[in-house]
Amino acid sequence: PAFLTDFSQTFDATWNTEDVFGRMDPIATYQGTKRTVSLGFDVPSATLDGAKFNLEKIQNWNKGDEEE
C-alpha cells in the first residue's frame, strides 16, 4: 500500500490581448488552461529487498515504462 502525503495542483489560464481602434481597453481572447499536479507518497516495506523492488517500480512508473 502507498500513503498519500502531499497533493497540490495549479491552474494557469492563458489570455491573448489585442488593442483595437475605438476602445480604451484591449479585447482579451481565451487561449487555454494548463494544469499541473504534484503528488507525494510514502511506500513502506518490511524488508530491504521489498523496498528496492518498490523503488524500482516507482521509478519505472515515473518514467512511463510501467506496463500494468
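1. Read along the sequence, the chain of this predicted model runs β-β-α. Helices (H or I, at least four residues) and strands (E, at least two) are DSSP runs, numbered from the N terminus. The radius of gyration, taken over C-alpha atoms, is 22 Å, well over the 11 Å that the globule rule (2.2 Å times the number of residues to the power 0.38) gives for 68 residues, so the chain is more spread out than a compact globule.

2. The C-alpha trace spans about 70 × 25 × 15 Å along its principal axes. Of the 68 residues, 4% count as buried, meaning under 20% relative accessible area with a 1.4 Å probe, protein chains only.

3. A nonpolar patch on the surface is formed by Leu4, Phe7, Val37, Leu39 and Trp61, with about 540 Å² of accessible area together. Areas come from the Shrake-Rupley method with a 1.4 Å probe.

4. β1 (3–18) and β2 (27–42) each supply at least two residues of this patch. Trp61 lies in helix α1 (residues 48–63).

5. Mean pLDDT (the predictor's confidence in each residue, from 0 to 100) is 91 for the chain, and 93% of residues reach 70 or more. Confidence is lowest in α1, at a mean of 89, and highest in β1, at 97.

6. Local features need pLDDT of at least 70, side-chain atom pairs count only at pLDDT 80 or more, and totals for chains, interfaces and linings use all residues. Residues are numbered from 1 along each chain as its sequence is written, and side-chain values use heavy atoms, with hydrogens and water left out.

Definitions and conventions: Patch = residues over 30% accessible without salt bridge, like charges linked within 9 Å, V, L, I, M, F, W, Y side chains within 5 Å. Salt bridge = Lys/Arg side-chain N within 4 Å of Asp/Glu carboxyl O. Buried < 20%, exposed > 50% of the residue type's maximum accessible area, 1.4 Å probe, protein only.
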